[in-house]
Amino acid sequence: MKNFFKAGVCLMGLLGLTGLVCGGCRGAEPERVQNTDTAMGTVVQQNLYVRSGGEKEAEEILKLLRGLEEQQLSRRLEGSEVWNVNAAAGSEEGCPVSADLEALLEDCLSLWKQSEGAFDVTLGEVIALWDMDGWALGEREGVFTPPDEETLQDALGRCGSGRLELAEGRLFLPEGMKLDLGAVGKGAALDCLLGYLAESEKITGAVISVGGSVLTYGDKPDGSPWKVGIRDPRDSSANMGVLTLEGQWCVSTSGDYERFVEVDGVRYHHILDPATGRPADSGTAGVTVLSKSGFDSDALSTACFILGPEKGMELAERYGVEVLFVGTDGSIQMSPGMEAYFRD
Ligand code: AMP
Ligand code: MG
């Protein structure tokens, strides 16, 4: 995110200037700007309340997200930090990483420990075996063959966050290992956007969703709270309920309906249990985490999906976040603190 924040700082300078020129417009009621586009391989929906002169903010936000993907997080785009790290796997010199990526990886390693290995960003080779990118294109429906046990075990043997070495700005990835930050990229993006919003003199309130991760920020001109729906995992047109939120929050949902393929009545989804290399089977269809931090909401929703309600609830408590589980049977379980925000 370093280069990114640099770009952000330059932009802030410009915004500051515009703010001076436009000082007389301050009293005007903020206007609503809506924008739907794609970035980071997913749909980005923005609802912004902006002061006069802030009409370009939605474009700037998209630029930030695309920069973050291209410069840092993508495992597909040649030249991104993650791509470089993966390309250098097995080398003795390791690969230099920015302070931002190093901090992100430290947080991932800490969650790997806290979740007893359920959350693991080194599963890249196993994820590749399931061809999730192919599912997203809808090309595998009915014709997908899951990887065989031997191939899975071979790839699993090359994974494991405990085998990563991170020291003094260099990351050493063993031969045959690949990073996949798909479980935290959107949350890291929310944290980046919160930094941007805090500096913006034009945006007074916002709801921005990046795939399954949503941030709320500031307030609406009429003072009413933000409403974030929690989707019914088995009905894309219905909500299980709604979170009512004031001010700044991050909400992430991990679900078995986001990326999956169904063959002969079996649903293969995209959240893998590192113990088996297969789609996690904890009786959970969706997990929503509410937190002040984008990283925590995104990373913990993935981890809790794998762990299931009992262990997931404990993990959420340790991180001080609220969590809501929707079971494959449609049942709902939530942390006590979540009850203050959730209405069905
Ligand atoms: P999310 O939608 O945030 O829950 O992230 C799901 C994505 O995380 C998948 O598409 C994979 O790229 C990656 N992933 C799958 N299983 C795991 C796991 N056990 N730990 C970390 N990342 C994972
Ligand atoms: Mg996640």
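Predicted model: local features only at pLDDT ≥ 70, side-chain atom pairs only at ≥ 80, totals over all residues.
Residues are numbered from 1 along each chain as its sequence is written, chains are lettered from A and ligands numbered from 1 in the order in which they are written, and side-chain values use heavy atoms, with hydrogens and water left out.

H269 sits in strand β12, residues 266–269. (Strands are DSSP runs of E with at least two residues, helices are runs of H or I with at least four, and both are numbered from the N terminus.) H269 counts as buried because its relative accessibility is 5%; buried means under 20% relative accessible area, exposed over 50%, and partly exposed in between, with a 1.4 Å probe and protein chains only. Its side chain also reaches the backbone oxygen of A280 at 2.9 Å.

Strand β12 pairs with β11 (residues 260–263) in the antiparallel sense over 4 bridges, where pairing requires that DSSP finds at least two bridges between two strands. Within this pair, E262 stands opposite R267. The hairpin has 2 residues between its strands, and D264 takes a positive phi near 50°.

**T288, another buried residue**

T288 belongs to strand β15, residues 284–291, and is buried, with a relative accessible area of 1%. Its side chain makes a polar contact with the side chain of T253 at 2.9 Å. (A polar contact is a pair of N or O atoms within 3.5 Å; within protein, one must be able to donate a hydrogen and the other to accept it, and residues adjacent in sequence count only if both atoms are side-chain atoms.) Beyond its neighbours within four places in sequence, T288 is in contact with residues including I230, L243, E322 and M338, contact being heavy atoms within 4.5 Å.

β4 and β5 (residues 170–172) pair over 3 bridges, and L166 has L171 as its bridge partner in β5.

**Two helices**

The expected span of a helix is 1.5 Å times one less than its number of residues.

| Helix | Residues | End-to-end C-alpha span | Expected span |
|---|---|---|---|
| α4 | 99–114 (16 residues) | 23 Å | 22 Å |

What happens along α9? It bends by about 140° at G308, with a proline, P309, following within four residues; the bend is the angle between axes fitted to the seven residues ending there and the seven starting there. At the start of α9, a side-chain oxygen of S293 comes within 3.3 Å of the backbone nitrogen of F295. Just after α9, G320 has a positive phi of about 70°.

In α4, the buried residues are L101, E102, L104, L105, C108, L109 and L111. Their cover includes α2, α3, β4, β5, α8 and α9. Just after α4, E116 takes a positive phi of about 55°.
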